[in-house]
Amino acid sequence: MKIVNAQAIPIRIALKHPFTIALGTLTHSNHVLVRMVDDEDRVGWGECTTFHSVYGYDQKSLYNVLTDYLIPAVKGLDPRNMADLHHRMDQAITFNLMAKCGIDLAAYDLVGKADGVPIHHLVGGKRVDCIPVTAAVGIGSIMETAAMAEERVAEGFDVIKIKIGLDPQGDLERVKAVREAVGDGIRLRVDGNQGYDRETALQVFTRMEPLALEWIEQPLPDWNLEGLAILADRLETPIAVDESVYTPYDAHRVITAGAADVVNIKVPKCGGIYRSQKIAALCEEAEIPCFLGGCLETTPGTAAQAHFYTSTQNIISAAEMEGPWCYVDDVVRDPMDMRKGTVKIPEGPGIGVVIDEEKVARYRVDF
């Protein structure tokens, strides 16, 4: 089995509502699909995505890296040999993990289709049939934030993630308003997206602790492991990291520094399923749980996330994989099954969903 060709396809689909975090606002997808073909004309699909103000490169950069470096590097390789695949990508260009994710997922999809099994069968098995999913609430006014949270709870979600990090006092008031609106039975997490300094974070989150948060995610800049360790030591609420961990080496540094009680693994950010499972295993050795974060993927990326979640022992709690339901359309024939805040694991071969190539063509953009 060999990879004979691949193509990077940037797509642009509008969000139903703009999504604002401390580092910027999204209005459309920033995704690139990877269409990979093997020597028996089977087609595998992967998806990668970015957010330039968070990750430092945009959709065009993803497309260029895939087209100029990564796709040429993997042609002729056996997609079953994932270690070799990643080694060749690393030789072709350093960093660029989000672009490498597109290759990783497409290769897993190819192998699953060749064997007639879902990806989770290839990477560890299935420990759950359905995944609880969070509902994310972006930065808005106090009334808007509380109303959005109430709406999502009414839809069946019981874990709400609130974006914060632009206005410390306003953040406190918005989180209080959400807790009052949804009651004590709903789990709340907050995500600062690096928007705080150490002193302000300690003041604000000390006052926020009575609101019974599941955890506080990335309140400080990614490099400030010392500050994160201080927060983890002084606060009762667990500290989660996201932007501080891209690689197993990053995870090791965070563990050694005592900078996190829980680690957010995003499959695109960490370079695909292969690398993400290495991070999860390292954290498991250190008895630090992980949770599945999201990058507002469309269905191909979300389906791959689902396979990672169900096959990885150290992933806990609700997953942040609501992306497909945030867009006005998608690139698959049949959407994944979302009911009352849970998503069913796809059981078809590979990623388990069927790509609609007419929709791919419709939402494709050219550079």
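How many nonpolar, polar and charged residues are there in the lining of the largest pocket?

Analyst: This is a predicted model, in which local features need pLDDT of at least 70 and side-chain atom pairs count only at pLDDT 80 or more, while totals for chains, interfaces and linings use all residues. Residues are numbered from 1 along each chain as its sequence is written, and side-chain values use heavy atoms, with hydrogens and water left out.

By class, the lining of the largest pocket holds 10 nonpolar, 5 polar and 6 charged residues; here Ala, Val, Leu, Ile, Met, Phe, Trp, Tyr, Cys and Pro count as nonpolar, Asp, Glu, Lys and Arg as charged, and the others, Gly among them, as polar. A pocket is an open set of points on a 1 Å grid over the protein atoms alone, where a 1.4 Å probe fits and protein lies on both sides within 12 Å along at least five of seven lines, and lining residues have an atom within 4 Å of a point.

The space in the largest pocket comes to about 490 Å³, a volume being the space filled by probe spheres set on the points, which are joined across faces, edges and corners. Of its 21 lining residues, His-17, Pro-18, Ala-136, Met-148 and Arg-152 are the closest to the centre. At least two lining residues come from each of β2 (14-21), β7 (135-137) and α6 (142-154), and β2 gives the largest share, with 6 residues; helices (H or I, at least four residues) and strands (E, at least two) are DSSP runs, numbered from the N terminus.

The second largest pocket holds about 370 Å³ of space. It is lined by 19 residues, and the closest to its centre are Phe-95, Asn-96, Leu-97, Tyr-246 and Thr-247. Two or more lining residues are given by each of α4 (97-115), α10 (248-257) and α11 (273-285), and by class this lining divides into 10 nonpolar, 3 polar and 6 charged residues.

Tyr-246 also belongs to one of the 4 aromatic pairs, where rings of Phe, Tyr and Trp (its six-membered ring) pair if their centres lie within 6.5 Å, with planes under 30 degrees apart counted as stacked, over 60 as edge-to-face and the rest as tilted. The ring centres of Tyr-55 and Tyr-246 are 6.3 Å apart and their planes stand at 90°, so this pair is edge-to-face. Because Tyr-55 lies in helix α1 (residues 52-55) and Tyr-246 in the loop between β11 (239-241) and α10, the pair ties together parts that are 191 residues apart in sequence.
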